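Biologist: Hi! I'm new to this one, could you walk me through a few spots?
Modeller: Happy to, let's have a look together.

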Amino acid sequence: MDLTLTPQQREVVDLAHRLAIERFAPRAEKYDREASFPHDDFNDLREARLLALCVPAAYGGLGAGFETYCLVAEQIARGNASTALMYNMHCTTLLMMGEIADQMVLAADVRALHERRRARVFREVVRQGVVYGQPHSEPVELGQADQLKVGGRRFGTRAERVEGGYVVNGRKFFVSLAGAADYYATPALLLADGPWIARTLYLAVPRDAPGVEFQGEWDPMGMRATVSRDMVLTDVFVPEEASLLPPGGFGALYDTFPHGAIAFSATFLGLMQAAYDFTLVYLTGRVPGSPGRQTEAPAKGYAVAQMLFTLEAARALFYRSISECRLDPGQEVEQRARAAHVTIQRGVVEVTTEAIRVCGGRALLKRHPLERYARDARAAALMRPWTQDIATQQAWEAELGIGPAARTGAGPS
């Protein structure tokens, strides 16, 4: 099994690493303290053409797929995990329209229509550097329990068909890039008869569209620079041409594309690496004010080795999983995706917490990044659709052949 990066992957990974270390990391403390959006980070991503990373080359983008996106996001997180998490929202929107939609079975006329619509989106990203948010989460009291088996009731947001498009009403929460993205890739359920999956829509809602409002305070423990406030949609008109996927496409992806749920893991893998890297430079006296090597070095050295083992085991499993990314991959591959995701959810908390213990009391000072890393790490287990609890339950249900996660007759892929 060859996990060596291609020359094209190495080029964009190295670029992302330089931006993260030289530009994003020095700013991260300020954005975290203020709970403010990292505009400078996104300007750098735009200038480096990394906003067009997942736009197909035929449209002027860099033509990267899901695997390469994960490798780049991992590096961005080493500078600022909040920036990487928001970059995920943007890139996965483009991947859903591009690489993933290309694998879907669509009628010829439907594919031609989607091709025309996505061409406009891709051109805007390449030429204007527009940014997409992804307001997927909704309060659990909205929607119906039998729609998406992802641990919450979805599609409380409704779309009514009118001349030329849709009128959309709903409320989203934890909307990263609130007020900062140009468009929001918004799932909604069409008010009509028929199966709910066929009625799922995925619409590009402009930030400044009449009826769009961002509400609430934002003062969380971690991932503070994501600025994930509520988004309220009140009689928002969205033209039909703003459909990012064909009708039914969004709902179908939840049944056939499990790797979409582990895209967040790239951020937390990069966060693990950042905590490990800082621990090394701190313990070796390369951080101003750090005590350097002390008499307890053997005990600390053992802990460093354990951190390394946790990090590398998580990375190996995650890289294996993203290399298998495809639609409807079969139970074995889907289970490995869950295993990779949960391994990182656990590992990032372990590594960031252990980094503070190993470095000692001064590591709690806000002039050092470890306390921010530990706060950001706590978000990993909580992010839908595969929170740690949901992914774990689905894993054992699938293995035992019970519940909605079981696949009838599924065997090794």
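Modeller: Let's begin with a hairpin: strand 2 and strand 3 form one, with two residues between them. G164 sits in the turn and has a positive phi of about 85°. Keep in mind that this is a predicted model.

Biologist: Thanks! In which sense do strand 2 and strand 3 pair, and over how many bridges?
Modeller: Strand 2 covers residues 158-162 and strand 3 covers residues 165-175, and they pair in the antiparallel sense over five bridges. As one example, A159 has V168 in strand 3 as its bridge partner.

Biologist: What stands opposite A159 in strand 4?
Modeller: That is L190. Strand 4 spans residues 183-190 and pairs with strand 2 in the parallel sense, over two bridges.

Biologist: And V168, which residue is its bridge partner in strand 7?
Modeller: V236 is the partner of V168 there. Strand 3 and strand 7 run antiparallel, and eight bridges join them.

Biologist: Let me switch to S228. Where does it lie?
Modeller: S228 is in the loop between strand 6 (212-215) and strand 7 (229-239).

Biologist: Is S228 buried or exposed?
Modeller: S228 counts as buried because its relative accessible area is 5%, and the cut-off for buried is under 20%.

Biologist: Which side chains make polar contacts with the side chain of S228?
Modeller: The side chain of S176 is one of them, at 2.9 Å. The side chain of T226 also makes a polar contact with that of S228, at 2.9 Å.

Biologist: What else is S228 in contact with, leaving aside neighbours within four places in sequence?
Modeller: With those neighbours set aside, S228 is in contact with F174, V175, S176 and W218.

Biologist: Nice. How do the lining residues of the second largest pocket divide into nonpolar, polar and charged?
Modeller: The lining has 11 charged residues, seven nonpolar and one polar.

Definitions and conventions. Residues numbered from 1 in each chain as written. Predicted model: local features only at pLDDT ≥ 70, side-chain atom pairs only at ≥ 80, totals over all residues. Heavy atoms only, no water. Helix = DSSP H or I, 4+ residues; strand = E, 2+ residues; numbered from the N terminus. Buried < 20%, exposed > 50% of the residue type's maximum accessible area, 1.4 Å probe, protein only. Polar contact = N/O pair within 3.5 Å; in protein donor to acceptor, adjacent residues only side chain to side chain. Contact = heavy atoms within 4.5 Å. Pairing = 2+ DSSP bridges. Nonpolar A, V, L, I, M, F, W, Y, C, P; charged D, E, K, R; others polar.
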